[in-house]
Amino acid sequence: MTKIYTQISHDDMVENIVSRYETATQTQIDTGMAWYQNAQDQAQAIAIKHDIPVYIVVAVIAALSPNNKWARNVINADQLIGAFIRGDGIDTVKVSTYHKMKQKAWSILANTPDYDTAKTMLNGQKITSFFMDIMGEFNVTIDGHARNIAYNERVGLTDDRTNIGVREYRALQAAYYDAADQVGIMPYQLQAITWGVWRDLHGIV
């Protein structure tokens with residue numbers, strides 16, 4: 001079956017994102033601005049606890065993130081890192097994501113890569129992007145909600161239209177980059193703020 005694409009220009013996507021941002025309450029702005037810094041702070045606490053670099057912790061968190069709620073994602077990362085450091089086996093820890101992602105996180109711990117190699121080892125469009133966001137790089141992670149905001153249409157996350165390919169992903173990132181430049185914040189902060197607005201508007205749990 002041929003995938004249906006929403007036809008929209010770059011400028012219209014930027015306008016949709018900025019318009020959504022401009023409806024944000026101060027609470028939504030404050031929450032969105034703080035989200036990724038709070039995420040890095042949580043990773044830093046795990047790094048200090050286990051005496052490993054924070055970027056390794058963030059790489060493990062990113063690897064374990066698919067289909068994993070944030071609070072559980074952080075717990076899973078802490079437990080997996082603890083098991084690795086103690087010399088326990090990979091199967092002594094249960095995680096709330098796919099086994100192959102658990103293996104990827106374990107491989108990162110086993111190889112102790114440098115920063116750029118850790119990004120390469122993640123080897124996934126969305127999880128690498130999530131790593132970059134938490135580490136504070138000029139970046140934005142595109143998910144189905146971010147896509148819906150840019151297109152100003154609500155499509156369920158099980159709809160094939162939210163299965164975003166590389167070309168569409170880059171186009172959406174470019175729209176968020178330009179929108180972030182317009183409002184004077186980082187792209188990942190803009191994504192977090194507009195997601196809060198979208199979530200509250202549509203009552204998404």
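Colleague: What should I know about the model before reading it?

Modeller: It is predicted, so local features need pLDDT of at least 70 and side-chain atom pairs count only at pLDDT 80 or more, while totals for chains, interfaces and linings use all residues. Residues are numbered from 1 along each chain as its sequence is written, and side-chain values use heavy atoms, with hydrogens and water left out.

Colleague: How many salt bridges does the structure hold?

Modeller: A salt bridge is a side-chain nitrogen of Lys or Arg within 4 Å of a carboxyl oxygen of Asp or Glu. The structure holds five. One of them joins Arg147 and Glu153 at 2.7 Å, N to O.

Colleague: Is Arg147 buried or exposed?

Modeller: Buried means under 20% relative accessible area, exposed over 50%, and partly exposed in between (1.4 Å probe, protein chains only). Arg147 has a relative accessible area of 0%, so it is buried. Glu153, at 21%, counts as partly exposed.

Colleague: Which parts of the chain does the pair Lys119 and Glu137 link?

Modeller: Their side chains meet at 3.2 Å, N to O. The pair links distant parts of the chain, 18 residues apart: Lys119 is in helix H6, and Glu137 is in the loop between H7 and helix H8 (144–151). Helices here are DSSP runs of H or I with at least four residues, numbered from the N terminus. Lys119 is buried because its relative accessible area is 18%.

Colleague: Which residues touch the most other members of the largest nonpolar core?

Modeller: A nonpolar core is a set of buried Ala, Val, Leu, Ile, Met, Phe, Trp, Tyr and Cys residues joined through side-chain atoms within 4.5 Å. The largest has 40 residues, and Ile61, Phe131 and Ile134 touch the most other members. Helices that each supply at least two residues include H2 (26–50), H3 (54–63) and H10 (187–202). H3 gives the most, with 10 residues.

Colleague: Where do negative charges gather on the surface?

Modeller: For a charged patch, residues with over 30% relative accessible area and no salt bridge are taken, and like charges are joined within 9 Å. Here Asp11, Asp12, Glu15, Asp178 and Asp181 form a negative patch. Helices H1 (10–22) and H9 (166–183) each give two or more residues to it, and H1 gives the most, with three. Asp181 is found in H9, and counts as exposed because its relative accessibility is 65%.

Definitions and conventions
Patches are made of residues with over 30% relative accessible area and no salt bridge: like charges are joined within 9 Å, nonpolar side chains (Val, Leu, Ile, Met, Phe, Trp, Tyr) within 5 Å. Accessible areas come from the Shrake-Rupley method with a 1.4 Å probe; for residues, only the protein chains shown count as cover. Lys and Arg count as positive and Asp and Glu as negative; His and the chain ends are not counted. The place of a charge is taken as NZ of Lys, CZ of Arg, CG of Asp or CD of Glu.
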